[in-house]
Amino acid sequence: MIDTAGYGKALFELAAENGADTQVREELEVVRAAFLAQPDYVTLLDTPAVATEEKLALLRAAFGAMDPMALNFLCLLCEKRSCYQFSACADVYNACYDEAHGLLRATAITAVPMQERQMDALKEKLSAITGKTVILTNRVDETLIGGITLRYGGVQLDDSIRSRLDKLRRSLSDTIV
């Protein structure tokens with residue numbers, strides 16, 4: 001098993017040194033989408049039943065137009081029979097990229113889709129708090145009833161109606177009558 005954090009960070013540092021961190025990031029997302037669409041391909045790349053040179057040839061044929069750093073990274077994972085850990089490595093790469101570029105990814109979970117002005121206001125507020133450029137996504141969860149749950153950088157702020165009702169329910173159940 002490989003050190004996904006170390007591999008992802010090392011790839012980012014190499015790409016950043018060469019001024020290709022944005023390009024490599026985009027290419028990693030293309031590979032991620034391909035691997036998600038064809039999980040059997042990942043299994044094939046990790047199987048010991050196929051010779052490593054054949055698997056490397058398949059990678060070069062499929063992804064040969066990519067930045068050489070990204071392609072070599074894929075080949076390294078293939079040689080170590082660790083392509084199944086590609087997504088975890090790409091996640092670490094993305095976290096390093098975001099940190100280096102002052103980006104903060106946040107998710108606002110609401111009962112109904114947020115309006116554009118609400119999204120902009122929330123991005124602006126988060127940006128003022130964190131000092132980072134906020135990339136905000138909105139996920140709808142009708143079970144929240146109302147309010148918002150906000151997740152960013154390992155933080156979760158829950159101000160949903162469901163959360164308030166759960167707190168009230170716990171408070172009432174702890175009350176002795």
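## Crossing of α3 and α4

The crossing of α3 and α4 is left-handed, meaning that the near helix is turned anticlockwise from the far one by less than a right angle. This is a predicted model, in which local features need pLDDT of at least 70, side-chain atom pairs count only at pLDDT 80 or more, and totals for chains, interfaces and linings use all residues. Residues are numbered from 1 along each chain as its sequence is written, and side-chain values use heavy atoms, with hydrogens and water left out.

The axes of α3 (residues 39-46) and α4 (residues 52-63) cross at roughly 140° and come within 9 Å. Axes are lines fitted to C-alpha atoms, for helices over the stretch in contact, and angles run from 0 to 180 degrees between N-to-C directions. Helices (H or I, at least four residues) and strands (E, at least two) are DSSP runs, numbered from the N terminus.

## Contact residues

Tyr41, Leu44, Leu45 and Asp46 of α3 meet Lys55, Leu58, Leu59, Ala62 and Phe63 of α4, where contact means heavy atoms within 4.5 Å.

## The sheet

Four strands form an open sheet in the order β2-β1-β3-β4, with mixed pairing; two strands pair if DSSP finds at least two bridges between them. On average, neighbouring strands are turned by 15° against each other, direction ignored. β1 (residues 103-110) and β3 (residues 147-152) pair in the antiparallel sense over five bridges, and alanine 108 stands opposite leucine 150 in β3.

## Helices on the sheet

Helix α7 (residues 116-130) lies across β1, β2 and β3 and runs at about 135° to β2. Helix α8 (residues 161-174) packs on the sheet and touches β3 and β4, its direction making about 80° with that of β4.
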